[in-house]
Amino acid sequence: MQFRYVVTGLAVVMSLAGCQRTSYDYNNSGPSGNPGYTPPLQAQPVPSVQSGALPPPGGSTQFPTAPANAASGGTNVASAAPAAAMDVTKEAMVGNWRVSNGGASCDMFLTLTNLGSGSRGGTRGCAGELSSMGSWEVSNKMVQFKNRAGDTIGRVYKTGDTRYDGTTNSGQPLSLSR
């Protein structure tokens with residue numbers, strides 16, 4: 001029992017031995033008296049703040065209107081599947097896919113874990129839009145890939161038993177295969 005007290009006391013004494021009192025002499029401002037001393041900075045003038053009225057809400061916007069997709073004759077690609085597209089189920093999409101995107105290849109992983117309105121998914125080794133993929137969902141014989149903000153970044157359609165073809169929003173060809 002005594003040994004425990006001795007060991008505890010020695011540990012406290014040794015830990016306190018490493019501490020030393022430090023102080024800073026603010027009156028000694030020379031390089032020879034205190035080489036680490038830096039004089040305080042001088043105050044700088046601040047420019048005046050301008051004020052004015054904001055434009056009314058609902059006025060003109062700085063964003064241009066979205067262009068029509070020339071490949072589909074101006075039809076919204078997100079709502080129209082090609083006539084040759086085959087039916088798609090979420091269960092058939094789950095797992096690892098090899099992606100070909102604009103001549104480069106990478107991996108895509110799709111799960112059934114809910115994330116917002118879709119399911120969680122991700123990519124490894126992909127560049128461009130697909131590198132920001134966070135979720136996916138099936139809609140109208142089409143698989144949509146979305147970024148982490150929920151915006152659609154690409155879409156594919158089933159063209160074979162284990163093959164899906166489509167495009168990214170920037171128009172790059174996109175293919176999935178197993």
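**Notebook: a barrel, a disulfide and a core**

I started with C126, which counts as buried at 12% relative accessibility; buried means under 20% relative accessible area, exposed over 50% and partly exposed in between, with a 1.4 Å probe and protein chains only. Before going on, I noted that this is a predicted model, in which local features need pLDDT of at least 70 and side-chain atom pairs count only at pLDDT 80 or more, while totals for chains, interfaces and linings use all residues. Residues are numbered from 1 along each chain as its sequence is written, and side-chain values use heavy atoms, with hydrogens and water left out.

**Entry 1: the disulfide**

What does C126 bond to? I found that C126 forms a disulfide with C106, the sulfur atoms being 1.8 Å apart. A disulfide here is a pair of cysteine sulfur atoms within 2.5 Å. I searched the whole structure and it gave one disulfide. The two cysteines sit 20 residues apart and link distant parts of the chain: C106 lies in strand β2, and C126 in the loop between β3 and β4. Strands, like helices, are DSSP runs numbered from the N terminus (strands E, at least two residues; helices H or I, at least four). I also checked C106, which is buried with a relative accessible area of 5%. Next I looked at the handedness: the torsion about the S-S bond of C106 and C126 is about 75°, so this disulfide is right-handed.

**Entry 2: the barrel**

Which order do the strands follow around the barrel? I read eight strands closing in the order β1-β2-β3-β4-β5-β6-β7-β8, with antiparallel pairing. From one strand to the next, the twist averages 30°; the axes behind that angle are lines fitted to C-alpha atoms (for helices, over the stretch in contact), and angles run from 0 to 180 degrees between N-to-C directions. A reminder to myself: strands of a sheet pair through backbone hydrogen bonds, either parallel or antiparallel. Two strands pair if DSSP finds at least two bridges between them.

I then went through some of the pairs:

- β1 (residues 95-101) and β2 (residues 104-115) are antiparallel and share seven bridges, with N101 opposite A104 in β2.
- β1 also runs antiparallel to β8 (residues 173-177), with four bridges joining them; here R98 faces S177 in β8.
- β3 (residues 118-124) and β4 (residues 133-139) pair in the antiparallel sense over two bridges, and S119 stands opposite W136 in β4.
- β4 and β5 are antiparallel and joined by six bridges, with S135 opposite K146 in β5.

**Entry 3: two hairpin turns**

I looked at the turn between β1 and β2 and found a hairpin with two residues between the strands, where G102 has a positive phi of about 60°. β4 and β5 form a hairpin too, with two residues between them. I looked up the exposure of K141, and at 36% relative accessibility it counts as partly exposed.

**Entry 4: the core**

Which residues have the most contacts inside the largest nonpolar core? I listed M93, M108, L110, V143, F145, Y164 and L176, in a core of 18 residues. A nonpolar core is a set of buried Ala, Val, Leu, Ile, Met, Phe, Trp, Tyr and Cys residues joined through side-chain atoms within 4.5 Å. The elements giving two or more residues to this core are β1, β2, β4, β5 (142-147), β6 (152-160) and β8. β2 gives the largest share, three residues.

**Entry 5: M133 and its strand**

How many of the seven residues of β4 are buried? I counted five, so I noted β4 as mostly covered. M133 is found in this strand and counts as buried at 2% relative accessibility. Apart from neighbours within four places in sequence, M133 is in contact with residues including M108, L110, G121, F145 and I153. Last, I checked a distance: the C-alpha atoms of M133 and D151 are separated by 9.5 Å, and these residues are 18 apart along the chain.

Key
Contact means heavy atoms within 4.5 Å.
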